[in-house]
Amino acid sequence: MASAPAALHAPLYDRLANHIPTPPEREAAADFLRRTLQDVAAHADDLPENPADLTAWMEANIQKVHGLYQAYLDERKAGSPRRYFKNRAHALYFLRNVAPTKLVDGSWLYGLCAHADNSRLSDLVTTYVEELGDGLADKNHVKLYRALLANYGLDPIEDLPDALYQQGLVQVALGWNAQEFLPEIVGFNLGYEQLPLHLLITSFELNELGIDPYYFTLHVTVDNADTGHAKRACVAALEAAPRIDDGGDYWRRVRAGAKLGNVGVSTLDVISGFDIDSEVVAILARKAPSGYGAHSDFCKVAGRSVNDWLSSADDLPQFLAALEQAGWIKRNQPVTDSRFWHLLQGERAEMFGVFSPYELQVIHDWIRGPASADGAPFETGATPGTGKRQMSFRVAERLKAAKGGRSEPVAAGLDTDLEIFEKRYPTLGTAEKRDLLVQAMSPALHWTPVGLLATRMFLNRSV
Ligand SMILES: [Fe+2]
């Protein structure tokens with residue numbers, strides 16, 4: 001979709017999402033937005049022609065989504081399989097592949113923090129601060145997503161395709177260029193904060209597979225029609241609209257901004273893009289460079305040494321087929337029947353620790369085949385045909401709570417940025433204090449100790 005060079009997104013995304021970008025980097029992001037707006041200019045948007053119809057438009061969307069979700073629930077009750085996730089590996093693949101977008105959640109509104117004194121923008125600032133969980137570690141959306149990646153062994157994500165960074169780059173580029181793109185930000189926020197059907201289905205199916213759905217359920221409640229972000233986005237669009245006649249320019253730009261939410265790889269594209277055969281090959285290809293030379297030449301499969309097989313990424317599918325033929329892998333059977341599995345997982349597994357929990361789950365579900373629809377985690381070495389359903393996440397949590405609850409780790413107050421902030425802040429004048437607070441609330445920092453502190457101070461601001 002974008003006319004930008006193929007590998008542009010991830011490096012620029014990294015500068016904006018994980019650093020305080022330099023002026024030329026912000027300008028590069030503005031350029032990217034201008035190009036992207038041109039690319040989507042001819043696309044349709046579904047905002048109403050007239051801003052006065054916004055509330056009715058939002059309510060109609062919510063009603064439509066609720067109706068579709070009810071139909072989905074009825075379907076499931078009648079025995080239909082999950083609509084999105086074939087197995088646990090599929091759901092974890094989804095969580096991993098949407099990470100570049102989720103890790104900059106809310107960032108499109110960042111640039112408004114510096115303008116919090118303008119009460120016409122206060123709904124947008126409030127939305128941003130709520131994305132930051134009002135400075136509470138267990139409510140900050142990005143921090144929650146980071147915890148999700150860590151808890152399910154989905155890190156690192158460096159190998160993800162560049163296209164998956166495109167939507168996140170749109171968001172963080174808006175956040176760092178509010179001065180130039182305010183109407184587009186208002187429009188992006190309008191489109192992006194409306195309740196989507198996929199959020200409801202994702203929450204339902206993650207829970208069913210025993211995976212924590214909190215990040216997603218949180219957004220279901222946050223996007224509600226009465227008081228949530230969806231409603232506030234409508235109010236904000238009307239508040240920020242010019243009172244001086246602009247010939248409809250503001251509203252045209254708002255509508256253009258709303259189209260930016262569809263740029264890049266969508267949630268449904270990610271879900272349908274899962275192909276377990278190619279994911280297994282991709283995992284082996286990632287390991288091949290470090291595995292090459294690590295095996296003895298006595299390890300031979302189909303007459304070729306393992307080192308030889310691993311020397312060429314193109315041969316990996318044949319290598320897997322050869323392992324199957326030689327009986328090392330027994331597809332569509334319990335993983336414990338495969339000698340290959342015992343090399344990866346178990347007390348004395350020779351390759352223990354080589355594969356991440358995510359990678360083990362993919363290999364596990366690939367070996368088990370259709371039986372993996374039961375959602376069993378790889379640690380259980382589940383056998384097919386037992387008919388046992390995976391315990392839902394919420395049931396598991398209730399059981400845990402009944403057995404004495406879970407203890408949340410206390411956030412540590414040790415951090416290099418926090419140290420700088422605490423030393424510098426008291427020495428500054430009012431304007432500089434505000435600048436430092438706003439900097440600490442940037443996408444790179446808001447989920448860290450200094451960002452959480454700054455967000456709480458910003459909320460109680462007297463500066
Ligand atoms: Fe969020």
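The angles run from 0 to 180 degrees between N-to-C directions, and the axes are lines fitted to C-alpha atoms, for helices over the stretch in contact. Helices (H or I, at least four residues) and strands (E, at least two) are DSSP runs, numbered from the N terminus.

The model is predicted: local features need pLDDT of at least 70, side-chain atom pairs count only at pLDDT 80 or more, and totals for chains, interfaces and linings use all residues. Residues are numbered from 1 along each chain as its sequence is written, and side-chain values use heavy atoms, with hydrogens and water left out.

Start with helix α9 (residues 178-192) and helix α12 (residues 229-240). They pack at an angle of about 160°, with their axes 9 Å apart. The pair is therefore roughly antiparallel. Val186, Asn189 and Leu190 of α9 make the contact with Ala233, Cys234, Ala237 and Ala240 of α12. Contact here means heavy atoms within 4.5 Å. The crossing of α9 and α12 is left-handed. That term applies if the near helix is turned anticlockwise from the far one by less than a right angle; clockwise is right-handed.

Helix α15 (residues 276-291) packs on helix α19 (residues 357-368) at an angle of about 135°, and their axes are 10 Å apart. These two are therefore oblique to each other. The crossing of α15 and α19 is also left-handed. From α15, the residues in contact include Ile276, Val280, Ile283 and Arg286. On the α19 side they include Tyr358, Val362, Ile363 and Trp366.

Now turn to the metal. Which residues coordinate the iron ion? They are Asp105 (OD), Glu131 (OE), His141 (ND1) and His219 (NE2), at 2.0 to 2.1 Å. Donors are N, O and S atoms within 2.8 Å of the metal (3.2 Å for Na, K and Ca); water is not among the atoms, so sites may look incomplete. Along the sequence, the donor residues follow the spacing D-x25-E-x9-H-x77-H. Asp105 and His141 link distant parts of the chain, 36 residues apart. Asp105 sits in the loop between α5 (99-102) and α6 (122-131), while His141 is in helix α7 (residues 141-151). Both Asp105 and His141 are buried. Buried means under 20% relative accessible area, exposed over 50%, and partly exposed in between (1.4 Å probe, protein chains only).

The geometry of the iron site is irregular, with angles of 84 to 169° among its four donor atoms. Four donors count as tetrahedral if all angles lie between 85 and 135 degrees; four count as square planar and six as octahedral if opposite donors are over 155 degrees apart and all others between 65 and 115; anything else is irregular.

Another histidine is worth a look. His90 is found in helix α4 (residues 88-97). Its relative accessible area is 2%, so His90 is buried. Leaving out residues up to four places away in sequence, His90 touches Tyr84, Phe85, Ile271 and Phe274.

Next comes the stretch from α21 onward. Arg424 is in helix α21 (residues 416-424). Arg424 is partly exposed, at 44% relative accessibility. Twelve residues separate Arg424 from Leu436 in sequence, and their C-alpha atoms are 8.9 Å apart. Leu436 is one of the buried residues of helix α22 (residues 430-440), together with Arg434, Leu437, Val438 and Ala440. What covers them includes α21 and α23 (449-459). Asp417 also lies in α21. At 33% relative accessibility, Asp417 is partly exposed. Beyond its neighbours within four places in sequence, Asp417 is in contact with Leu445 and Val450.

Last, the backbone. Most residues other than glycine have a negative phi, and most peptide bonds are trans. Pro156 lies in the loop between α7 and α8 (166-175). Ala302 has a positive phi of about 50°. Its place is the loop between β1 (300-301) and β2 (304-305), and at 62% relative accessibility Ala302 is exposed. Asn332 has a positive phi near 60°. Asn332 is in the loop between α17 (316-325) and α18 (339-344), and is partly exposed, with a relative accessible area of 49%.

Terms used
Angles under 35 degrees count as roughly parallel, over 145 as roughly antiparallel, 65 to 115 as roughly perpendicular and the rest as oblique.
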